[in-house]
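Please look through the sequence and the model shown here before reading on.

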Amino acid sequence: MSRIGKKPINIPSGVTVDVSAHGTVTVKGPKGTLTQDVNPDIQVKVEGKEIVLTRPTDSKRHKSLHGLYRALINNMVTGVSEGYKKDLELVGVGYKASNQGQVLELSLGYSHSIFMALPNEISLKTDTPKGKNPVITLEGIDKELIGQVAAKIRSLRKVEPYKGKGVRFTGEVVRRKAGKTAGKK
């Protein structure tokens with residue numbers, strides 16, 4: 001049996017879970033509402049304060065779907081109760097970040113500034129502490145959406161291995177390479 005799929009999901013207080021006849025799971029909590037369509041092969045049941053997922057057979061496809069939907073529903077429950085947060089750090093001389101509402105303006109060493117409109121489901125905050133690197137903070141209830149937006153921002157200027165400049169997640173370890181060495185005579 002799937003190690004992830006067989007674990008029941010605990011429902012915290014203040015969170016309600018509804019499962020429709022068509023297999024759509026709706027999770028409502030203090031921070032918002034999320035929905036997810038579940039494959040008809042996977043059965044989702046709410047038993048007291050737990051969500052239990054079962055699969056019909058032990059085929060490889062059913063095993064993978066079992067673990068997948070358990071993880072997705074668990075992320076939804078965590079999102080509506082606690083929320084998710086990602087921090088990105090801009091490392092490099094002259095790299096800047098600012099925002100006007102949901103529009104993020106980035107200066108990443110190109111000849112022009114980059115403007116990026118973010119979805120309304122994500123709250124955006126930029127901070128430039130004195131003497132430190134600028135930080136972009138993304139918060140929301142949808143883990144997948146936050147990860148996707150953070151990856152898009154990071155792809156605008158990936159971290160290079162020689163000087164370590166670029167956009168990185170806070171706490172990310174960058175493997176550095178040695179530069180060229182002087183030739184021997």
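**A walk through the model**

Lys-180 lies in the segment after strand 13, where helices (H or I, at least four residues) and strands (E, at least two) are DSSP runs, numbered from the N terminus. The model is a predicted one, in which local features need pLDDT of at least 70 and side-chain atom pairs count only at pLDDT 80 or more, while totals for chains, interfaces and linings use all residues. Residues are numbered from 1 along each chain as its sequence is written, and side-chain values use heavy atoms, with hydrogens and water left out.

With a relative accessible area of 87%, Lys-180 is exposed; here buried means under 20% relative accessible area, exposed over 50%, and partly exposed in between, with a 1.4 Å probe and protein chains only. Lys-180 and Lys-152 are separated by 28 residues in sequence and by 31 Å in space, C-alpha to C-alpha. Lys-177 also lies in the segment after strand 13 (166-169), and, not counting residues up to four places away in sequence, Lys-177 touches Pro-161 and Tyr-162, contact meaning heavy atoms within 4.5 Å. From Lys-177 to Ala-97, 80 residues apart along the chain, the C-alpha separation is 27 Å.

The UniProt record, in an unreviewed entry, lists residues 11-83 and 91-168 for "domain: Large ribosomal subunit protein uL6 alpha-beta"; its positions are given in the numbering used here, feature names are shortened, and annotations may be inferred rather than shown by experiment. Over residues 11-83 the chain is 30% helix and 36% strand, with end C-alpha atoms 15 Å apart, and over residues 91-168 the chain is 17% helix and 37% strand, with end C-alpha atoms 8 Å apart.

Helix 1 (residues 60-81) has 22 residues, which at 1.5 Å a residue should span 32 Å, and its end C-alpha atoms are 32 Å apart, in agreement; the expected span is 1.5 Å times one less than the number of residues. Among the buried residues of helix 1 are Leu-65, Tyr-69, Ile-73, Met-76 and Val-80, and also His-62, His-66 and Arg-70. What covers the buried residues of helix 1 includes strand 1 (9-10), strand 3 (24-29), strand 4 (32-37), strand 5 (43-47), strand 6 (50-54) and strand 7 (84-91). Helix 1 is followed by Gly-83, whose phi is positive, near 90 degrees.

Within strand 6 is Glu-50, which counts as partly exposed at 29% relative accessibility. Leaving aside neighbours within four places in sequence, Glu-50 is in contact with Pro-8, Ile-9, Asn-10, Ile-11 and Lys-45. The C-alpha atoms of Glu-50 and Asn-10 are separated by 4.6 Å, although these residues are 40 residues apart along the chain.

Which elements each supply at least two residues of the lining of the largest pocket? They are strand 4, helix 1 and helix 2 (143-155). The lining includes Leu-34, Leu-72, Met-76, Ile-141 and Lys-143, and its residues divide into four nonpolar, three polar and three charged.

Helix 2 also holds Arg-154, which is partly exposed, with a relative accessible area of 22%. Leaving aside neighbours within four places in sequence, Arg-154 is in contact with Leu-88, Val-167, Arg-168, Phe-169 and Glu-172. Arg-154 and Arg-176 are 22 residues apart in sequence and 18 Å apart in space, C-alpha to C-alpha.

Terms used
1 Å grid on protein atoms, 1.4 Å probe; cavity = no way out; pocket = protein on both sides within 12 Å on 5 of 7 lines; lining within 4 Å. Nonpolar A, V, L, I, M, F, W, Y, C, P; charged D, E, K, R; others polar.
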